[in-house]
Amino acid sequence: MANKINVSVKTTYMADQTLPRQRYVYSYTITIANQGDEAAQLISRHWYIRDAKDNLQEVQGVGVIGEQPHITPGSSYTYTSGVVLETETGIMEGTYQMRADSGETFDAQIPTFALVPPHAIH
């Protein structure tokens, strides 16, 4: 079941909320697609957020944005959240803990993605 959940990410640099040399703000939009044949519910999340100074934030919690979506086969769930870094760039990765309708629990991998402002991309 685990490989039947596909997670994709789009990031946005929030220049209007960023204070250079103090905090750098990004939003990210996640789409969780159920490509399997059994519905599953997102139970919790576990993030690893690393900035350019190699500082690690570990975030765990129930659901996402206050929700524990139930995703049926062939459908997807999309949400937007945000992160604040002390450096201009960073990376995020993690897992969603899922529970299939059969009762099986598994982790859906969140692919590693970069947090980079547009002016830093060559």
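What follows is a chat about the strands, core and side-chain pairs of a predicted model.

Visitor: How many bridges join β2 to β6?

Guide: There are 10, with the two strands running antiparallel. For one spot to look at, find Tyr26: its bridge partner in β6 is Val83.

Visitor: Staying with Tyr26, which ring does it pair with?

Guide: Tyr26 forms a tilted aromatic pair with Tyr13, at 5.3 Å centre to centre and with 55° between the planes. The pair links distant parts of the chain, as Tyr13 belongs to strand β1 (residues 5-13) and Tyr26 to strand β2 (residues 24-34), 13 residues apart.

Visitor: Are those two buried or exposed?

Guide: Tyr13 and Tyr26 are both buried.

Visitor: And how many aromatic pairs does a search of the whole structure find?

Guide: Six. Another one to view is Trp47 with Phe113, an edge-to-face pair at 6.0 Å centre to centre and 85° between the planes. Here too the pair links distant parts of the chain: Trp47 is in strand β3 (residues 40-51) and Phe113 in strand β8 (residues 105-115), 66 residues apart. Both Trp47 and Phe113 are buried.

Visitor: Which rings are linked into a cluster?

Guide: Ring pairs connect Tyr28, Trp47, Tyr96 and Phe113.

Visitor: Let's move to the core. Which residues touch the most other members of the largest nonpolar core?

Guide: Ile32, Trp47, Tyr79, Tyr96 and Met98 do, out of 27 residues in that core. At least two core residues come from each of β1, β2, β3, β6 (76-85), β7 (90-100) and β8.

Visitor: Say I click on Tyr79. What is it in contact with, leaving aside neighbours within four places in sequence?

Guide: Tyr79 is in contact with Tyr28, Thr29, Ile30, Ile32, Trp47, Val64, Ile65 and Tyr96.

Visitor: What do β3 and β4 form, and what's in the turn?

Guide: They form a hairpin with four residues between them, and Asp54 in the turn has a positive phi of about 70°.

Visitor: Which residue does Asp54 form a salt bridge with?

Guide: Its partner is Arg50, and the closest N and O atoms are 3.2 Å apart. The structure holds one salt bridge.

Visitor: Why does Asp54 count as exposed, and Arg50 as partly exposed?

Guide: Asp54 has a relative accessible area of 52%, and over 50% is exposed, so Asp54 falls in that class. Arg50 is at 29% relative accessibility, which lies between the 20% and 50% limits, so Arg50 counts as partly exposed.

Conventions. Residues numbered from 1 in each chain as written. Predicted model: local features only at pLDDT ≥ 70, side-chain atom pairs only at ≥ 80, totals over all residues. Heavy atoms only, no water. Phe/Tyr/Trp six-rings, centres within 6.5 Å; stacked < 30°, edge-to-face > 60°. Buried < 20%, exposed > 50% of the residue type's maximum accessible area, 1.4 Å probe, protein only. Salt bridge = Lys/Arg side-chain N within 4 Å of Asp/Glu carboxyl O. Core = buried A, V, L, I, M, F, W, Y, C linked by side-chain atoms within 4.5 Å. Contact = heavy atoms within 4.5 Å. Pairing = 2+ DSSP bridges.
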